[in-house]
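Here is a walk through a two-chain model for someone meeting it for the first time. Have a look at the picture, then read on.

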Amino acid sequence: MREVAIIGVSMTKFGRFPDRDFSDLAAQAGLEALKDAGAQMKDIEALFSGNLAATSGSGQRILKQMGQTGIPVVNVANACATGSTALREAFFAIASGAYDMVMAVGSEQMGKAGLLGAGRGDAATSPEGRVGSFLMPAVFGMVGMEHSRAYGTQQEHFALASVKNHYHGVNNPLAQYQKESPLDEVMNSRVIAYPNTLLMCCPTGDGAAAAVVCSMEKARQFTTKPIKIAASVLTSDPWSDRALTLPDINTLTRNAAKIAYDQAGVGPEDLSQVELHDCFATAELVHYENLGLCGDGEAGKHIASGAPWIGNKIPTKYEEDVAPLVDKTYKPKTTAVVNASGGLLSKGHPMGATGVANVAEIVWHLRGQAGARQVENAKVGLAHVIGLCSACTIHILQK
Amino acid sequence: MAEKAAAAPEIRPLVPHLTLGETRDQDYLNGSRCKSCNALYVGPRSFCGKCSSQGPFEKVRLSDEGEIHVWSIIHQAPPNVPAPYIAAIVDLTGGGSVNTNILGIEPKPENLKFGMKVKMATGKVSEDRDGNSYIAYHFKPV
């Protein structure tokens with residue numbers, strides 16, 4: 001397999017754009033990624049388009065805006081891991097030697113979708129709310145409660161993920177929200193599904209992101225600073241009797257992480273930063289352990305230690321709030337900043353776009369282009385996405 | 001259509017893993033055990049995701065008792081679903097686990113404990129336009 005590089009990335013602002021079609025957002029992201037790469041539509045030999053709501057033909061509709069060059073288009077759907085799965089297809093298209101330069105684009109026009117999966121079918125025959133809940137807020141509430149059951153994690157520990165990611169998001173002009181939310185505000189916002197409050201749930205929205213992917217050899221014709229895709233991994237959930245009732249988001253992430261670290265030849269201690277799938281605040285903490293950023297049962301201590309915050313410490317203004325949650329005997333074994341972009345909690349989660357946007361964020365940091373949220377000395381970054389039920393992607397990028 | 005409209009309203013289980021008896025105290029949860037690998041599924045099953053067999057499956061009666069594995073209190077629910085309510089996963093005595101509502105206690109975190117013993121009961125939860133009734137199960141603390 002050949003070495004694969006990313007030479008151009010872009011994302012639109014995430015938010016609500018009711019007047020724009022998904023294909024407008026995607027074409028904007030695609031053309032800006034080309035500009036970033038110094039390439040043109042004629043250089044792109046295939047397009048991999050991730051989109052959930054547009055069903056079939058999303059990529060062809062994007063090309064009608066971006067340039068109908070007649071190239072092959074593959075449309076990808078893989079729940080919340082849709083965009084990152086499109087990127088992985090682009091990776092293999094290059095790694096295999098089939099093409100020298102391709103594009104992955106992820107897009108979504110969700111509008112105010114409300115509770116995902118809700119409101120289908122005849123109300124009289126719907127099991128939702130009558131024999132438990134099958135919606136994402138309930139699933140991720142219970143994911144958090146499983147961690148509480150095993151390790152005594154408190155609601156406040158989970159809430160810190162929201163405080164941190166909203167703190168980071170203030171410096172991301174492309175994020176849906178640029179507003180800080182101190183601990184008491186997160187704790188006092190209305191409960192959606194315990195232990196997650198409103199500010200611990202990511203918003204729905206619209207947006208797109210794109211990446212120009214090429215062989216390392218080709219990359220050197222366009223830039224002196226290509227970003228290497230050191231690992232591109234996809235897993236699904238292995239059988240377990242528990243997962244028949246509660247989706248297991250842990251095992252497939254652990255499996256993906258192990259393969260990705262082996263592929264890239266790095267470990268969690270080598271990572272400068274991680275963009276992980278914080279669709280709910282509870283998810284962020286369990287993934288610290290799944291990705292090996294801390295030991296099992298240490299996620300609450302890890303976030304309270306300051307390690308995953310930009311600057312690797314709790315901001316002075318929040319020190320007093322966090323103090324009761326700090327375990328002074330805990331020594332973090334990794335210093336990866338987590339969700340410097342603001343995460344899904346601030347940035348938003350237009351489902352098809354998310355997996356490409358996470359990778360774009362890592363690229364900007366590795367190039368030193370992340371502005372006020374720049375992670376210092378960024379060298380290796382990991383982007384993680386999970387979609388139910390269930391797909392997990394991990395990409396590791398290196399300078 | 002006229003024939004269908006004339007049919008007597010039925011009493012139906014809301015979910016396929018609930019088997020209805022003559023009376024509500026005879027209702028029970030059903031499961032399927034893979035005869036190849038012994039994997040236990042809640043409800044009917046034709047294929048085994050664990051061992052890839054196409055059956056046969058042994059139909060089994062699951063316990064009406066168990067304990068709460070995890071719970072959440074749902075405040076934001078779709079229209080027509082009264083909230084807040086307690087959603088939980090209950091591990092049944094002897095195997096199998098189910099999603100369920102927990103009734104009989106106020107939906108507040110301090111009222112819930114991991115491992116809390118619970119027992120199943122059933123009751124009518126809805127009726128469709130043709131007058132058919134739907135029966136669902138729930139669990140209450142013992």
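In which sense do E2(A) and strand E4 (residues 101–109) of chain A pair, and over how many bridges? They pair in the parallel sense, over four bridges. (Strands, E, are DSSP runs of at least two residues, helices are H or I runs of at least four, and both are numbered from the N terminus; two strands pair if DSSP finds at least two bridges between them.)

Before going further, a word on what you're looking at. This is a predicted model, where local features need pLDDT of at least 70 and side-chain atom pairs count only at pLDDT 80 or more, while totals for chains, interfaces and linings use all residues. Residues are numbered from 1 along each chain as its sequence is written, and chains are lettered from A and ligands numbered from 1 in the order in which they are written.

**Around strand E2 of chain A**

Back to E2(A), which covers residues 47–50. In E4(A), A:Gly106 is the bridge partner of A:Gly50. E2(A) also runs parallel to strand E3 (residues 73–76) of chain A, joined to it by four bridges, and here A:Leu47 sits opposite A:Val73. To get from E2(A) to E3(A), the chain passes through helix H2 (residues 58–66) of chain A in a right-handed β-α-β crossover. (Right-handed means that, with the strands pointing away from the viewer, the path from the first strand over the helix to the second runs clockwise.)

E2(A) is covered on both faces: A:Leu47 and A:Ser49 on one side, A:Phe48 and A:Gly50 on the other, are all buried. (Buried means 20 or more other C-beta atoms within 10 Å of a residue's own, exposed means 12 or fewer, and partly exposed is in between, with C-beta atoms placed from the backbone.)

Helix H13 of chain A takes in residues 351–367, and 16 of its 17 residues are buried. Its end C-alpha atoms are 26 Å apart, which agrees with the 24 Å its 17 residues should span at 1.5 Å a residue.

Chain B has one helix and 10 strands, and 35% of its 142 residues are buried. Its C-alpha trace spans about 55 × 40 × 30 Å along its principal axes. As for the meeting of the chains, 36 residues of chain B are in contact with 33 residues of chain A. (Contact means C-beta atoms, placed from the backbone, within 7 Å.)

**Some backbone details**

| Residue | Phi | Loop in chain A |
|---|---|---|
| A:Asn339 | about 55 degrees | between strand E10 (337–338) and helix H12 (343–347) |

A:Asn312 is partly exposed, with 16 other C-beta atoms within 10 Å, whereas A:Asn339 is buried, with 27.

Cis peptide bonds turn up too. One joins A:Leu388 and A:Cys389, with omega about -5 degrees; another joins B:Ala83 and B:Pro84, with omega about 0 degrees.

Methods. Contact = placed C-beta atoms within 7 Å. Expected span 1.5 Å × (residues − 1).
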